[in-house]
Amino acid sequence: MQASKLISSSLVTLHPDDDGERALSLMDELRVNHLAVVRNSFYLGILSEKEILSWNKTDEFIDEHLTELTAPSVIGSQHLFDILQTVELNNLSVIPVLDEEKHYLGAITNRKLLYTVAKSTGIQSIGGMLVLQMKENDYSMSEIAQIVESNSARILSAYITDVDDRNIIKLTLKLNIIDIAAVIQTFERYNYTVAASYNQSEDRDNLDDRYHLLMRY
């Protein structure tokens, strides 16, 4: 999924001639903590609620603070994972999207990103989850997939997190079956450490309701 396909139609931009009060009002209305500052289609930077509240007066003009702004962004052709990394590194609620000539195309909210990740990684699908802990050098996705598939199961999604500075990782797997006991036993026979496991046997409607509540939040 590319950035250009995730742009929110509801977001507006700020102009350097706007003041902090207008910016705060728009952020509150749109339920975001950041908005892009744009002049003549050129992206000048991103303004946060926190920055405005640090000004001497919140009715000061944005133009007076342009040099203080950072300008994180992604290009329209960048992948979802690149977008997530930029949002996380900069702690953003909104990420501006530019074209190759640095013209402003629009912006993506972190709510849209959460929705897209949930849709694209099988989070809504019923199934079991397990967490494997291993040394980074022992990680082999081909072997892990073979173990899962030997139990007539499939991997719906997988992601890796670092545990500490000892080159230990945790691999979280979402499978397409609810009863994952046999899968766990097979992993243990192959000397894998199963750090945690979860069986999702919830009713589908309940899961959908909880997911949509999260999206509204």
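## Overview

Contact here means heavy atoms within 4.5 Å. The model is predicted. The protein has seven helices and nine strands. Of its 217 residues, 39% are buried. Among contacts with a separation of 6 or more, 62% join residues 24 or more positions apart.

## Helix α6

Helix α6 spans residues 181-189. Its buried residues are V183, I184, T186 and F187. Viewed down the axis of α6, these residues fall within an arc of 160°, so they line one face of the helix. An α-helix has 3.6 residues a turn, so residues three or four places apart point the same way.

What do the buried residues of α6 pack against? Two of the partners are β6 (129-135) and α5 (141-149). The others are β8 (168-175) and β9 (193-198). Just after α6 comes N191, with a positive phi of about 65°.

## Helix α5

The buried residues of α5 are I144, A145, I147 and V148. Seen down the axis of α5, they also fall within an arc of 160°, so they line one face of that helix. On the other side of α5, S142, Q146 and E149 are exposed.

The buried residues of α5 pack against three strands and a helix: β6, β7 (155-162), β8 and α6.

## Where α5 meets α6

The two helices pack at an angle of about 135°. Their axes lie 9 Å apart. The crossing of α5 past α6 is right-handed.

Which residues make the contact? From α5 come I144, I147 and V148. From α6 come V183, T186 and F187. By class, the contact has five nonpolar residues, one polar residue and no charged residues.

## T193 in strand β9

T193 sits in strand β9. This strand is one of the elements against which the buried residues of α6 pack. Is T193 buried, partly exposed or exposed? With a relative accessible area of 46%, T193 is partly exposed.

Leaving aside neighbours within four places in sequence, T193 is in contact with V131, L132 and Q133. V131 is 62 residues from T193 in sequence. The C-alpha to C-alpha distance between them is 8.5 Å.

## V97 in strand β4

V97 belongs to strand β4, residues 94-98. Its relative accessible area is 0%, so V97 counts as buried.

How far apart are V97 and L6 in sequence and in space? They are 91 residues apart in sequence and 9.4 Å apart in space, C-alpha to C-alpha. Beyond neighbours within four places in sequence, the contacts of V97 include A3, S4 and I7. Others among them are V74, I75 and G76. The list also includes H103, Y104, L105, G106, A107 and I108.

## H65 in a loop

H65 lies in the loop between α2 (49-54) and β3 (74-75). Setting aside neighbours within four places in sequence, H65 is in contact with W55 and E60.

Key: Residues are numbered from 1 along each chain as its sequence is written. This is a predicted model: local features need pLDDT of at least 70, side-chain atom pairs count only at pLDDT 80 or more; totals for chains, interfaces and linings use all residues. Side-chain values use heavy atoms; hydrogens and water are left out. Buried means under 20% relative accessible area, exposed over 50%, partly exposed in between (1.4 Å probe, protein chains only). Helices (H or I, at least four residues) and strands (E, at least two) are DSSP runs, numbered from the N terminus. The arc is that of the directions from the helix axis to the C-beta atoms. Axes are lines fitted to C-alpha atoms, for helices over the stretch in contact, and angles run from 0 to 180 degrees between N-to-C directions. A crossing is left-handed if the near helix is turned anticlockwise from the far one by less than a right angle, and right-handed if clockwise. Ala, Val, Leu, Ile, Met, Phe, Trp, Tyr, Cys and Pro count as nonpolar, Asp, Glu, Lys and Arg as charged, and the others, Gly among them, as polar.
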